[in-house]
Amino acid sequence: MPTVPSILGFGAIAIDDIVYVDQPLSAGKGKVLQSTRAFGGNVATALAAVARLGGSAGFIGWLGSADDDAVLCDLVASGVETAFAPRHPDARPVRSRITVGSDGERFIAYDDDAMLGTAPDFPDEILGGATVLIVDSYAVRSLDVVARARDLGLAILGDIEWSAGPATDRLIALCDHLILPLGFARTASGCRAPVEMLDALWSPSRSAVVLTDGGQGVYYRGREETALWHLPPHRVAIVDSTGAGDCFHGAYAHALKRGADTAGRVAFAAAAAALSITGRGGREALPADSKVTDLLASASAPSAVELKHAQLGTGT
């Protein structure tokens, strides 16, 4: 068997049918410019981003049992290790239909009646060989595996977008690196302002809370930080925002594995996500490490701004 990758993940893996139209989504209708089929899914794309950046990534969610399974072959082609993934003949991907407007915004319609999560008896000896586990909202179906990974010392990076009730509350509690889209953070925290959300979602067991807000940038708090921060967005030409959040999670995990602090992880992930939206599709524009480094070194790269001056204890 191959060496266990440093960064593992399980969750959504999808086949996306993408339609590009000549009008913004707010127009209500538009002419089709191009149609394409692509592979996607939160965790699968995040792991593909890790591999593109030069990291070691492995998918450990359910995959089909056939050796020529389409999503398995795509993961392998993307540089993601699949040798440790449980296999089942009934496993299939989420199917999504995505409409992308002329402004780069998109609407996703999906069918997630599929086997998601991972095998309940997934072995500790494999989990223990990694340092980071990326999970998404579907990890509520395998909470015991997430808990075991946390007990084994893995950093749990949570990409949570919707709630299934108390199970999601437990999943959020298990994530020491909680990275949420601002809209769901508002729902999960019951707060309106980013400062309030960061405070409400913090706990003594957290290493970082990060809130992504698309064109408005990123809000974050880290264990080693004494304040709350806002990183404005990079100014890039937006072609397609599909997969940008997934790229952010993968790049964050890659920077975490390399030992970057919270500010460094967020800056690296934000730059990678910005580059990912300059091309079409969820994975086609995933950047190489050198491209991210160049963008971070550019004169136009944004700097983080403190959200408030009150100093906050990291254990509150």
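Q: Which residues of α1 are buried?
A: In this predicted model, they are N42, V43, A44, T45, A46, L47, A48, A49, V50 and A51. Buried means under 20% relative accessible area, exposed over 50%, partly exposed in between (1.4 Å probe, protein chains only).

Q: How many of the residues of helix α1 is that?
A: 10 of the 11 in residues 42–52, so helix α1 is largely enclosed by the rest of the structure. Helices (H or I, at least four residues) and strands (E, at least two) are DSSP runs, numbered from the N terminus.

Q: What follows α1?
A: G54, with a positive phi near 100°.

Q: And at what angle do α1 and helix α8 pack?
A: About 50°, with the axes of α1 and α8 (residues 244–257) 7 Å apart. The axes are lines fitted to C-alpha atoms over the stretch in contact, with angles from 0 to 180 degrees between N-to-C directions. α1 and α8 are therefore oblique to each other; under 35 degrees would be roughly parallel, over 145 roughly antiparallel, and 65 to 115 roughly perpendicular.

Q: Which residues make the contact?
A: N42, T45, A46, A49 and V50 from α1, and D246, C247, H249, G250 and H254 from α8. Contact means heavy atoms within 4.5 Å.

Q: Switching topic: how many salt bridges does a search of the whole structure find?
A: Nine. The cut-off is a side-chain nitrogen of Lys or Arg within 4 Å of a carboxyl oxygen of Asp or Glu.

Q: Where do R283 and D74 lie?
A: Their side chains meet in a salt bridge at 2.4 Å, N to O. R283 sits in the loop between α9 (262–276) and α10 (289–297) and D74 in helix α2, so the pair ties together parts 209 residues apart in sequence.

Q: Is R283 buried or exposed?
A: R283 is buried, at 7% relative accessible area, and D74 is buried too, at 18%.

Q: What about D67 and R87?
A: They form a salt bridge at 3.6 Å, N to O. D67 is in the loop between β4 (57–59) and α2 (70–77), and R87 in the loop between α2 and β5, 20 residues apart. D67 is exposed at 66%, while R87 is partly exposed at 32%.

Q: Which residues are linked in a network of salt bridges?
A: D17, R37 and R95.

Q: What should I know about numbering and cut-offs?
A: Residues are numbered from 1 along each chain as its sequence is written. Local features need pLDDT of at least 70 and side-chain atom pairs 80 or more, while totals for chains, interfaces and linings use all residues, and side-chain values use heavy atoms, without hydrogens and water.
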